[in-house]
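Thanks for coming, everyone. I'd like to walk you through a model I've been looking at, so please have a look at it with me.

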Amino acid sequence: MIQKRIACTAASVLLLAALTACGSMPAATTANSIPDIPAPAQVSLPAASTALLVLDINTAVCQPNPACMSTVPAVAALIAKARAANVPVLYSTTVSPSGPPLTLAQVAPQAGEPVVSTRANKFTGTNLEELLKQKKAETLVIVGSAANGAVMYTSFHANTRGFTVVVAEDGISSPTPINTVLARYQLLNQPGFINAANTPLADKKVTLSRGDLITFK
């Protein structure tokens with residue numbers, strides 16, 4: 001009986017391997033792989049009701065992380081595009097016993113551009129929502145680091161508060177690349193706010209885009 005069970009188990013393993021090799025088994029049955037993430041979408045946003053959030057591109061989070069530093073030119077270009085269209089730019093930085101770390105000079109706020117300081121969710125313990133309402137913002141463009149921290153949690157909270165969100169992929173990062181991939185997937189698959197097909201500007205959900213695909217009108 002024992003030998004029969006061993007033989008059956010071995011046969012089952014061989015059959016599974018053969019089916020997988022021949023493409024008869026879906027990938028999800030053989031590995032916990034991340035599904036394909038849709039390509040970034042082109043979006044055109046009304047300047048009068050859009051705000052750009054630049055999250056934690058600072059000396060503590062970004063400067064020590066090469067992946068984050070590589071996004072700085074794209075973030076700077078998007079900031080310049082927003083300012084040229086009179087789109088409000090708002091910033092966040094992290095908390096530290098020695099005081100809030102400074103935003104990197106290449107993307108630093110100009111006079112009158114507000115900065116909030118808190119942990120990952122930039123709505124928590126700050127007046128960010130009030131500032132956005134003052135700016136009459138309905139759609140938020142978000143860049144920053146970490147992708148699986150400030151970007152993901154702030155985007156989710158924004159959706160719960162009725163904002164539509166666009167995340168520029170070339171402006172997000174994390175020290176561990178897989179965390180950025182997971183964040184991109186999660187941003188489109190947040191429970192209650194799913195936009196798995198990355199439909200451009202899905203209402204009160206997240207759209208993944210890219211700096212050069214974002215225009216203001």
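Predicted model: local features only at pLDDT ≥ 70, side-chain atom pairs only at ≥ 80, totals over all residues.

Residues are numbered from 1 along each chain as its sequence is written, and side-chain values use heavy atoms, with hydrogens and water left out.

Let's start with strand 2, residues 50-55. When I say helix or strand, I mean DSSP runs numbered from the N terminus: H or I with at least four residues for helices, E with at least two for strands. Is strand 2 mostly covered or mostly open? It is mostly covered, with 6 of its 6 residues buried. Buried here means under 20% relative accessible area, exposed means over 50%, and partly exposed is in between, using a 1.4 Å probe and protein chains only.

Which strands does strand 2 pair with? One is strand 5, residues 139-145, in the parallel sense over 6 bridges. Another is strand 3, residues 89-93, also parallel, joined by 4 bridges. Pairing means that DSSP finds at least two bridges between the strands. If you want landmarks, L55 stands opposite G144 in strand 5, and V54 has Y91 as its bridge partner in strand 3.

Most residues other than glycine have a negative phi, and most peptide bonds are trans. D56, in the loop between strand 2 and helix 2 (66-69), has a positive phi near 60 degrees. D56 counts as buried, at 3% relative accessibility. K204 also has a positive phi, of about 60 degrees, and is not a glycine. Its place is in the loop between strand 8 (193-194) and strand 9 (206-209), and at 36% relative accessibility K204 counts as partly exposed.

Now to helix 3, residues 72-84. Its 13 residues reach 18 Å from first C-alpha to last, close to the 18 Å expected at 1.5 Å a residue; the expected span is 1.5 Å times one less than the number of residues. Which residues of helix 3 are buried? They are V72, V75, L78, I79 and A82. These cover an arc of only 125 degrees around the axis, so they sit on the same side of helix 3; the arc is taken from the directions from the helix axis to the C-beta atoms. On the other side, P73 and A84 are exposed.

How many does a search of the whole structure find? The search finds 7, where a salt bridge is a side-chain nitrogen of Lys or Arg within 4 Å of a carboxyl oxygen of Asp or Glu. R83 is partly exposed at 24% relative accessibility, while E113 is buried at 15%.

E129 and K133 form another salt bridge, at 3.5 Å from N to O. They are 4 residues apart in helix 4, residues 128-134, so about one helical turn separates them. E129 is buried at 18%, whereas K133 is exposed at 54%. Together with R161, these two are linked in a network of salt bridges.

E169 is buried at 17%.

One last stop, around helix 5, residues 147-160. In the loop between strand 5 and helix 5 you'll find A146, and the peptide bond from S145 to A146 is cis, with omega near 5 degrees. Just after helix 5, G162 takes a positive phi of about 95 degrees.

That's my tour, and I'm happy to take questions.
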